[in-house]
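Subject: Handover of a structure

Hello,

I am passing a structure on to you. Please open the sequence and the model first; my notes follow.

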Amino acid sequence: MSQRSLFDAEPPAWEIDAQSMVLAATVVLPSGPPGEFDYAIPDTMADPRKPDVYVEPGRRVRAPLGRGNRPVVGYCVAVGPKPSSPSRPLKPLRGVLDPVSLVSPSMLRLTRWMADHYLTPWGQVLEGVVPSGVRGRAGTRDVTLLSVPTKVAARLTGLELPPKQADVLQALAASSKPLSLKQLAMRVGCTTAPINALRKRGLIESRVERLATDGLLAEDVAVERQPAKRLNPDQARTLDTILAAVDAGEHETILVHGVTGSGKTEVYLQAIERVVSFGRQAIVLVPEISLTPQTVGRFRERFDRIAVLHSHQSDVERHRQWRRIAAGDVEVVVGARSAVFAPTPHLGLVVIDEEHETTFKQDTAPRYHARDVALERTRAEGVPLVLASATPSLEAWRCSQPGAPERFRLASMPRRIGDLPMPAVRVVDLRVDGESRGAISRPLYQAMDQALRDDGQIILLLNRRGYSTHVQCPACGYALKCDHCDVAMTFHRQDNAVVCHWCDYRSAPPTVCPDCRSPRIRYGGMGTQKLEAEVNARFRGVSVTRMDADTMRRPGSHETALDAFRHGETRILLGTQMIAKGLDFPNVTLVGVISADSALNLPDFRAAERTFQLVTQVAGRTGRGERGGRVIVQTFDPDHPAILAAVRHDYERFASEELPARRALGYPPFGVMARIIARGASEPLLTAYLDQVAETLKRAVQEAGAKVRLVGPAPAPITRLRGEFRRHLQMHSPSGDAVRAALRAGWLPIKPPEGVRSVVDIDPTDML
Ligand SMILES: Nc1ncnc2c1ncn2[C@@H]1O[C@H](COP(=O)(O)OP(=O)(O)OP(=O)(O)O)[C@@H](O)[C@H]1O
Ligand SMILES: [Zn+2]
């Protein structure tokens, strides 16, 4: 949309004749009206010899918006000739914000694709993708650098100058590199006056350069280099598959399905070595939780120049890494989800480790999935993409099977390193073996006791933090909920408070029922704090560490806890899903799953998949050494297919049972899903708005003759959050394009009323 078509009708025919072409910038806005706006580029901003004020794609510019010419900042996404007529000329840009382009042409194309794919305004995507530290050039400042022009240097001795000025000129001419004002004054031992006098006379020239203020920041810590390991046959075959694509220099997606402990990391490390030997860069995406110094250390052992990107970085650090990457100074970028946007100049390979993890999906706009963005990016740049997991997402798995629209190449690693056996899993049926009190059944207790006597270590998984997970009154049935959310409050004993895990609202724990004043109010349900207390009570003198969001608040605490466990100072490690992944400790001889059912009953079509993944992953933390290992899984639902498959470490069995159910319902991976979530303080307003959206969507679908099914509108599973009501509307279709077309016609044009906010989530992973 050009700026004129936003407000004006088409120009009459006689006016078109008077149009001439002017050099224009197409601009998109990070907030405010969506769409693209054209502005004339003034001559002063079209001169590449003045790089500071040059308009080019990827820089931000200042522009007047709309009738009132409100000043806005937007991203220039294209430059080219555009028609402009004398009576309605294109408005000129007012200024240039960035002295360099923030976004490469290929990144502009990628963000454009995201804008279309996720129905998010392009400007908003760009603002979400370029880190704020990069936009603000954090940690750098302008420095004026002085030098002696060559012409002057040649006739230095012939110059008649006051002594101080002569000293200054001598010193600067003798310097091997340009000096700042302060450096030069210090070197000569003078004030700035003689220097400025020389500048005025043109005997010293100056230029401004952007330099890091943190010039002394420690570079990569030196780590002892490790040689590549000798691959076993499964690893070698997988590496060959990847290298075939690397050497061909073509895009291909390779799904590496290797059981836990099969040595997937070593395979992609060696693939990256090849990529680096070609002078290209690799990007490795890992779940945020894996970004520990240990994981990073594995890369440092093998590569000289790596960059780490994660969400806890300061703006200064992030900007510094970004610049190193863009300058081509980095061989491997290791990072969480957003590292998929790393500005590598010659990308050679992208790897997504633990591809099934939900942390690869961003839950704020732009709501992208790093797997899908990586697929699009590697396709556009013609490089291979490697997805690795012991429990692949069904989306990726389906693409590796015959008949899928998208074809991934499957590389299987069905055996553990050293041919170690998979650990034996025993199921404890809590309906039979559950004791009236406590979290640890008798079989689990006995196994723990044995493991400790044999000098082994233990991991216990319980995926709920806090002490008691609900507070209820048996007399009247009252259940304590958050004042602001439709969510049960969790009792935290350390803080002696009941806490909402969604909005962090806290209050004093009630001693009588707030409703009927009964003193019999009960604190029930098992969280990690209560489990810790039980373990301490039943295994006196044994060192226990708890890892959950409460104990892992401080930076580095993750590291400290895992180090203590690695060195055997901690015998029992218990915690939420953050202990279930990636850990490689050979002395863990027992894994206990306190409740395999915690995710099973969530209102989410992926509940079974999540349960299978979690149990399989945590079971995979044992039996990784010569001493073997065993797993005890406690459940009220021992016959559930997801649990049965996890007990056998049998991914294919799980997939072959789950996929037909998904197909029958048209759920992903057989169809695309979109979810419209609306929230607001007024429930009637919300209902009216979503009903209207449903109507227009239905009409749009009918008119297009599209195969799109609507479910809802209905209250979202969490009906109230932070004081706002929430309703949602789901769309299912075999075709993503059909869903997007319907949303463009039926959702985008309906402006939500004041006080209602509406977002669309394409391929949602969060169903609450
Ligand atoms: N070829 C090899 N020879 C000897 N040891 C190896 C070899 N390849 C990998 N290893 C070691 O085997 C262990 C398991 O490897 P790794 O952690 O990469 O497995 P993984 O497949 O990523 O497992 P998970 O999915 O459980 O995280 C590591 O300690 C690794 O150093
Ligand atoms: Zn709350």
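Strand 10 (residues 281-285) and strand 13 (residues 347-353) run parallel and are joined by five bridges. Glutamine 281 has leucine 347 of strand 13 as its bridge partner. This is a predicted model, in which local features need pLDDT of at least 70, side-chain atom pairs count only at pLDDT 80 or more, and totals for chains, interfaces and linings use all residues. Residues are numbered from 1 along each chain as its sequence is written, while chains are lettered from A and ligands numbered from 1 in the order in which they are written. Helices (H or I, at least four residues) and strands (E, at least two) are DSSP runs, numbered from the N terminus. Two strands pair if DSSP finds at least two bridges between them.

Both strands belong to an open sheet of seven strands with parallel pairing, in the order 11-12-10-13-14-9-15. Strand 11 (306-309) and strand 15 (409-413) are its edge strands, each pairing on one side only. On average, neighbouring strands of this sheet are turned by 15 degrees against each other, direction ignored. For such angles, axes are lines fitted to C-alpha atoms, for helices over the stretch in contact, and the values run from 0 to 180 degrees between N-to-C directions.

Helix 10 (residues 233-248) lies across strand 9 (253-258), strand 13, strand 14 (385-389) and strand 15, and runs at about 160 degrees to strand 15. Here two residues are in contact if their C-beta atoms, placed from the backbone, lie within 7 Å. Helix 13 (residues 315-326) lies across strand 11 and strand 12 (332-335), at about 140 degrees to strand 11.

A second open sheet has six strands in the order 16-26-25-17-24-23, again with parallel pairing. Strand 16 (424-429) and strand 23 (544-547) are at the edges with a single partner strand each, so one side of each has no neighbour in the sheet. Four bridges connect strand 25 (residues 588-593) with strand 26 (residues 630-635), which run parallel. In strand 26, arginine 630 stands opposite leucine 590. Helix 20 (residues 607-619) lies across strands 16, 17, 25 and 26, running at about 160 degrees to strand 25.

The chain is divided into domain 1 (3-135), domain 2 (140-212), domain 3 (233-418), domain 4 (420-464 + 526-664) and domain 5 (672-762). These bounds come from an automatic or database domain assignment.

Where does ligand 1 lie? Domain 3 and domain 4 both give residues to its shell, so ligand 1 lies between them. The shell has 18 residues, the closest being Thr260, Gly263, Lys264, Thr265 and Glu266; a residue is near a molecule or strand if its C-beta atom, placed from the backbone, lies within 6 Å of it. Helix 11 (residues 264-277) gives the largest share, three residues. By class, the shell has three nonpolar, ten polar and five charged residues. Ala, Val, Leu, Ile, Met, Phe, Trp, Tyr, Cys and Pro count as nonpolar, Asp, Glu, Lys and Arg as charged, and the others, Gly among them, as polar.

Some backbone details remain. Alanine 365 and proline 366 are joined by a cis peptide bond, with omega about -5 degrees. Proline 366 is in the loop between strand 13 and helix 14 (370-381). Another cis peptide bond joins proline 668 and proline 669, with omega about 10 degrees. Leucine 119 is not a glycine, yet has a positive phi of about 50 degrees.

Regards
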